[in-house]
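This report considers a protein model in terms of its interface, its strands, its salt bridges and a few individual residues. The sequence and the structure are shown first.

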There are 2 protein chains.
Amino acid sequence: MSDLESIGRDILQELEEAWNDASGERFGRPFSADAEFVDIRGEHHRGQDAIAGGHQGIFDTIYLGSRVRFQLLQARSLAETVALLHSTADLDVPSGPLAGTLRSIQSLVLRREEAGWKVASFHNTLRA
Amino acid sequence: MSDLESIGRDILQELEEAWNDASGERFGRPFSADAEFVDIRGEHHRGQDAIAGGHQGIFDTIYLGSRVRFQLLQARSLAETVALLHSTADLDVPSGPLAGTLRSIQSLVLRREEAGWKVASFHNTLRA
């Protein structure tokens with residue numbers, strides 16, 4: 001496994017555990033302060049705080065009790081301090097309007113900061 | 001307008017003109033050889049040739065006669081040779097199962113190569 005794959009898996013695991021513990025604050029931690037997030041509805045969220053708060057909102061409502069599993073597809077370097085990742089997610093939603101399993105694909109752009117590698121961009125799309 | 005915004009607008013204009021001329025080959029030109037493309041159905045296409053060929057396929061079928069308008073939302077630098085862009089598109093489809101106007105949002109990662117700035121990653125999601 002390359003270093004980038006290892007870093008990517010660690011970040012996805014952190015996101016997965018935060019999601020499954022329904023913690024928006026922890027979900028936001030791997031993101032950079034100025035990170036951008038495009039969700040499955042095509043909404044564009046800007047900044048770690050907005051990403052954390054927005055996720056807490058869905059953890060407490062439409063995705064209450066849901067569990068996610070991320071899988072890294074690939075990771076590659078675009079520059080010494082920038083990497084491009086693709087991953088998939090299977091999300092089991094127990095009840096509500098989105099009940100069932102939602103399959104999605106993500107692209108993530110990681111940037112190495114002083115505090116380590118952070119997610120600068122996350123873009124999520126449902127898979128048909 | 002920043003240099004990156006100008007570069008981003010030029011690339012979006014190239015994509016728009018290629019789409020509106022239904023040329024998959026021209027649509028593929030702004031992409032790097034190893035570019036990755038996630039489409040609105042969550043399918044992951046790899047490489048300029050696959051992106052060009054896949055687009056020619058939809059230009060000739062479900063998107064026959066369609067016209068797109070891209071709009072740059074923002075462009076920012078992630079490294080000296082890497083930039084992150086977000087844009088929206090309005091696609092008018094005259095007929096077929098997708099007839100109507102499809103609104104979408106894109107994230108693009110540009111990487112500066114010897115031949116200039118190229119699209120390394122393109123991810124597209126329909127807006128609700």
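Is Arg29(A) buried, partly exposed or exposed? With a relative accessible area of 42%, Arg29(A) is partly exposed. This value, like the others below, is computed from a predicted model.

## Salt bridges within the chains

Over all chains, the search of the whole structure returns 20 salt bridges. One of these joins the side chains of Glu25(A) and Arg29(A), with an N to O distance of 2.9 Å. Glu25(A), at 48% relative accessibility, counts as partly exposed.

The side chains of Arg69(A) and Asp92(A) also form a salt bridge, at 2.9 Å from N to O. Because Arg69(A) belongs to strand S3 of chain A and Asp92(A) to strand S4 (residues 82–93) of chain A, the pair ties together parts that are 23 residues apart in sequence. Both residues are partly exposed: Arg69(A) has 41% relative accessibility, and Asp92(A) has a relative accessible area of 27%.

In chain B, a salt bridge of 3.1 Å (N to O) connects the side chains of Asp34(B) and Arg111(B). Asp34(B) is in strand S1 of chain B and Arg111(B) in strand S5 of chain B, so this pair ties together parts that are 77 residues apart in sequence. Asp34(B) counts as partly exposed at 38% relative accessibility, whereas Arg111(B) counts as buried at 13%.

## The interface of chain B and chain A

The contact draws 33 residues from chain B and 33 residues from chain A. Between them the two chains bury about 2400 Å², of which 52% is on carbon and sulfur atoms. On the chain B side, the residues that lose the most area to chain A are Arg76(B), Leu78(B) and His123(B), together 20% of what that side buries.

Charged and polar pairs also cross the interface. The rule finds 4 salt bridges there, and 17 residue pairs are in polar contact with both residues at pLDDT 80 or more. The side of chain B that touches chain A receives two or more residues from each of strand S1 (31–38), strand S2 (44–46), strand S3 (67–79), strand S4 (82–93), strand S5 (100–113) and strand S6 (116–126) of chain B. By residue class, that side divides into 13 nonpolar, 12 polar and 8 charged residues.

The side chain of Asp34(B), already paired with that of Arg111(B), meets the side chain of Arg76(A) in a salt bridge of 3.2 Å (N to O). A network of salt bridges links Asp34(A), Glu36(A), Arg111(A), Glu113(A) and Arg76(B). Arg76(B) is also among the residues of chain B that lose the most area to chain A.

## Strand pairing around S4 of chain B

S4(B) is mostly covered, with 10 of its 12 residues buried. S4(B) pairs with S3(B) in the antiparallel sense over 11 bridges, and the two strands form a hairpin with 2 residues between them. In this pairing Gln71(B) stands opposite Thr88(B) in S4(B).

S4(B) and S5(B) run antiparallel and are joined by 12 bridges. His86(B) has Ser107(B) in S5(B) as its bridge partner. The hairpin of S4(B) and S5(B) has 6 residues between the strands, and Gly96(B) takes a positive phi near 95° there. Ala99(B) is in the loop between S4 and S5 of chain B and is partly exposed, with a relative accessible area of 46%. Residues up to four places away in sequence aside, Ala99(B) touches Val93(B) and Pro94(B).

## Selected loop residues

Ser66(A) occupies the loop between helix H3 (48–59) and strand S3 (67–79) of chain A. Because its relative accessibility is 5%, Ser66(A) counts as buried. Its side chain makes a polar contact of 2.9 Å with the side chain of Trp19(A), and a polar atom of that Ser66(A) side chain lies 2.7 Å from the backbone oxygen of Tyr63(A). Beyond neighbours within four places in sequence, the contacts of Ser66(A) include Asn20(A), Leu91(A) and Asp92(A).

Ala22(A) lies in the loop between helix H1 (3–20) and helix H2 (24–28) of chain A. Its phi is near 55°, a positive value in a residue other than glycine, and at 33% relative accessibility Ala22(A) counts as partly exposed. In chain B, Ala22(B) lies in the loop between helix H1 (3–20) and helix H2 (24–28), with a positive phi near 55° and a relative accessibility of 32%, which counts as partly exposed.

Technical notes. Residues are numbered from 1 along each chain as its sequence is written. Chains are lettered from A and ligands numbered from 1 in the order in which they are written. This is a predicted model: local features need pLDDT of at least 70, side-chain atom pairs count only at pLDDT 80 or more; totals for chains, interfaces and linings use all residues. Side-chain values use heavy atoms; hydrogens and water are left out. Contact means heavy atoms within 4.5 Å. Buried area is the accessible area (1.4 Å probe) that two parts lose on being put together, summed over both. A polar contact is a pair of N or O atoms within 3.5 Å; within protein, one must be able to donate a hydrogen and the other to accept it, and residues adjacent in sequence count only if both atoms are side-chain atoms. Helices (H or I, at least four residues) and strands (E, at least two) are DSSP runs, numbered from the N terminus. Ala, Val, Leu, Ile, Met, Phe, Trp, Tyr, Cys and Pro count as nonpolar, Asp, Glu, Lys and Arg as charged, and the others, Gly among them, as polar. Buried means under 20% relative accessible area, exposed over 50%, partly exposed in between (1.4 Å probe, protein chains only). Two strands pair if DSSP finds at least two bridges between them.
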